[in-house]
Amino acid sequence: MKIRTPFHFDETPLRQSRVGFRGLVSRFGGGREIIRTFAMVFQVFNIMVETNKNLKDFNTFSIDCIAREYAEFKSAEDFDMVQELYARRGGLRILGGGSNTVFTEEVFDGCVLRVCNRGIEVLEENEDFVVLRVAAGEVWREFVRWCCEKMYCGLENLAAIYGTVGATPVQNIGAYGVQVADYIERVECFNMATGEMRSVNARDCEFDYRYSRWKKGNGNELIYSVVFRLRKHFVPQTGYAAVARMLEGKEVKDLTPLAMCDMITNLRNSKLPDVTVLGNAGSFFKNPTVSEEVFERLKAEDENLVSFKENKGVKLSAAYLIERCGFKGKRFGNVGMHAKQALVLVNYGGATGKEIVAFAKQVIETVYDKYGVRLEIEAHIV
Ligand code: EPU
């Protein structure tokens, strides 16, 4: 279904977006083009295009990368501007919280569009459910906490994950037995090539383990908002071993979504490095799925192999494989695998994207040589 009218968010954003003068439009053509460009300048006055912008503060690895052009998308009023930019550059690199992106070049020779729109709208509410439309630029961890405070339930186990709301469907984020796709009703997109709005129902999002239709590349689609259906009765999701351990000795019936959110936050903080201290992108690799046959062979060689039975085969813990290859807690120049979670590649300071990718390849090769299993990078390499 195509929707032409842009949505407007009624509720106050979780935090006010920063608005301001952001530099000058970089290029002016000649003749008629000047008139057209000036028209665009006025039209897009609040969302100026900056040139040679360092993206260091906009990626959680804190990699220095200069974007030739940079703009921020703040509201539906910017759609015309986005379309202009898209047409002029023949594509845009969309950035949310930059928590899953590795910039490998010193200069990104294109235009980066950072999604900063804010707002939450209640579309439907009854005794059992609430349906929320959330602007893509909202900060995920703030949104989850806000839901927990309001007793909108389901997302507690996804607390404290970095990034924006609009980025969550892209790789179908997941943690502690929950994946965001379980709560997404639809994803609303702006087609940057045609200017049309499109609502993609969950069943058409191609959700899978850390995967969706947008994971192959955004194409023309800018995720504008995500619609969630959340329960109003709290049922803690305690199936994951680490969560069950955390709740041992506690009365589950007394648990609130907010208490769960805090516990998950503490659990994550105890294992995963704070991006403001050690740059990282969460899990750098996906957990690989192998056939029963391969699993049996590996298990015969290593009885401690960490694995999880799946419909399609057996999922192995990439962290375990990486740890067994001796990478856990080891530093190699500016990079290394985290001491408390071997799946997390960290930047000890000053690492370039190229160093990160070269090290990741070394990890992949070593694991492959030892186990015959090829790890796949989860992060986006740009
Ligand atoms: N393990 C090790 N060594 C380690 C870490 C883990 O052997 O260094 C083993 C342990 O046996 C542990 C098992 O692996 O019990 C699973 O570990 P964990 O619960 O940490 O989960 P994971 O599979 O390593 C996934 C997600 C994480 C998410 C956690 C918790 C992926 C790629 N990663 O990690 O997501 O937080 O589960 O649910 O699926 C992220 O995507 O950025 C992320 C952090």
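1. Let me start with I322, which counts as buried because it has 25 C-beta neighbours inside 10 Å. Here buried stands for 20 or more other C-beta atoms within 10 Å of a residue's own, exposed for 12 or fewer and partly exposed for anything in between, with C-beta atoms placed from the backbone.

2. A word on the basis: this is a predicted model, in which local features need pLDDT of at least 70 and side-chain atom pairs count only at pLDDT 80 or more, while totals for chains, interfaces and linings use all residues. Residues are numbered from 1 along each chain as its sequence is written.

3. I322 sits in helix α7; helices (H or I, at least four residues) and strands (E, at least two) are DSSP runs numbered from the N terminus. Leaving aside residues up to four places away in sequence, I322 touches F327, K328, M337, A342, L343, V363 and V367, a contact being two C-beta atoms, placed from the backbone, within 7 Å. F285 lies 37 residues from I322 along the chain, with 9.9 Å between their C-alpha atoms.

4. Now the ligand. Of the 18 residues around it, G282, S317, A319, Y320 and A342 come nearest; a residue is near if its C-beta atom, placed from the backbone, lies within 6 Å. Helix α7 (318–324) and strand β14 (279–283) each supply at least two residues of this shell, and α7 gives the largest share, three residues.

5. For the chain as a whole, there are eight helices and 21 strands. Buried residues make up 40% of its 382 residues. Among contacts with a separation of 6 or more, 66% join residues 24 or more positions apart.
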